[in-house]
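I open these entries to record what I looked up on how two chains meet. The model is shown first, and the notes follow.

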Protein chains: 2
Amino acid sequence: MKYEDKLHKFMIIKEILERRSVREYKSDDVSEELITEIIKAGQFAPTACNKKTLEFVVVRNQEAKKQIFEIVGQDFIIEAPVLIIPLVNKEISPCPMRDLAAATENMLLQATALGLGTVWKSLMPEWESGVKKIIEAPENFQAINIIVVGFAKNKLEAHSDADFASQKIHVEKW
Amino acid sequence: MKYEDKLHKFMIIKEILERRSVREYKSDDVSEELITEIIKAGQFAPTACNKKTLEFVVVRNQEAKKQIFEIVGQDFIIEAPVLIIPLVNKEISPCPMRDLAAATENMLLQATALGLGTVWKSLMPEWESGVKKIIEAPENFQAINIIVVGFAKNKLEAHSDADFASQKIHVEKW
């Protein structure tokens with residue numbers, strides 16, 4: 001095998017390296033097409049027992065963002081042009097949190113592929129019902145986070161081997 | 001913008017399209033280098049409050065796999081050459097399940113990039129302590145799944161727009 005082929009073979013997926021938590025956003029809008037691609041990637045994530053109950057609310061309205069900000073804080077909630085809130089039917093999914101987290105990771109990576117910045121804003125359990133009320137989500141659906149989407153103000157450094165801790169790999173037993 | 005560039009721009013990440021749950025594996029072994037790359041990708045996933053407490057146990061020993069099979073069932077546990085069990089310190093992470101699921105999704109995608117098949121085998125809460133005992137994981141670490149890794153017996157079809165449900169996107173409100 002040629003050296004370049006070997007290098008390529010072992011390379012970490014570009015978007016996994018480049019995905020960073022972006023906390024400062026430009027005011028530039030993000031097109032509906034890009035948001036659809038991000039949500040599509042979320043729908044292609046595995047769900048527990050393949051129940052596929054994920055739904056997604058896209059918030060751009062400044063008034064709604066202000067209401068959400070009043071619950072969860074963080075200036076980026078208002079500054080970023082788009083918030084995506086994924087929800088899972090907790091009466092059907094055997095593991096809503098797992099479904100939400102896997103889909104979210106796909107969405108963060110897909111946004112990175114499209115040149116967008118994101119941050120995974122967790123919802124404290126006591127914030128969930130207030131946020132669900134603003135977006136009029138049904139009682140039987142669970143939300144654990146808000147995916148903040150926009151163009152990053154500054155380019156953040158990609159992950160590298162400096163972030164890798166080989167001592168956290170245990171062979172056969174801890 | 002040229003049509004090809006536009007097409008490229010809106011394309012879903014190849015590994016997100018190609019990741020499928022593989023339940024039949026060849027007996028071919030998977031090198032340590034490839035497993036390291038997969039775990040590295042897992043370590044580059046975001047963790048709640050950036051606590052980064054993920055650890056990974058790699059099981060290849062046939063006797064240990066049989067013991068795990070006796071708890072969780074599924075022939076692929078014995079047939080696939082490698083099991084990776086990610087664990088998170090539940091005393092430190094504010095959201096262990098989220099950390100585990102996001103890292104797992106990165107690992108499934110990275111394995112796909114390396115030409116490997118995977119399946120996300122969930123651990124029922126009543127199975128967790130038995131599996132942790134086999135791998136000698138500490139009490140304060142949580143496991144929610146086993147990542148099964150190997151070469152797929154059959155190539156499974158990639159995701160496509162047929163798997164995409166646009167009606168699950170809600171604008172501003174549900």
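I began with charge pairing: across the interface of chain B and chain A the rule finds 2 salt bridges, a salt bridge being a side-chain nitrogen of Lys or Arg within 4 Å of a carboxyl oxygen of Asp or Glu. I noted that A:Asp161 and B:Lys40 form a salt bridge through their side chains, at 2.8 Å from N to O.

I record that this is a predicted model, in which local features need pLDDT of at least 70 and side-chain atom pairs count only at pLDDT 80 or more, while totals for chains, interfaces and linings use all residues. Residues are numbered from 1 along each chain as its sequence is written, chains are lettered from A and ligands numbered from 1 in the order in which they are written, and side-chain values use heavy atoms, with hydrogens and water left out.

I next looked up the extent of the interface: 64 residues of chain B are in contact (heavy atoms within 4.5 Å) with 65 residues of chain A. The two chains bury about 5,800 Å² between them, 62% of it on carbon and sulfur atoms; buried area is the accessible area (1.4 Å probe) that two parts lose on being put together, summed over both. In chain B, the residues losing the most area to chain A are B:Phe44, B:Glu172 and B:Trp174, together 15% of what that side buries.

Lastly, I checked strand pairing (at least two DSSP bridges between two strands; strands are DSSP E runs of at least two residues, numbered from the N terminus). Strand 1 of chain A (residues 55–59) pairs with strand 6 of chain B in the parallel sense over 3 bridges. I found B:Ile169, in strand 6 of chain B, as the bridge partner of A:Phe56.

Note on methods:
Helices (H or I, at least four residues) and strands (E, at least two) are DSSP runs, numbered from the N terminus.
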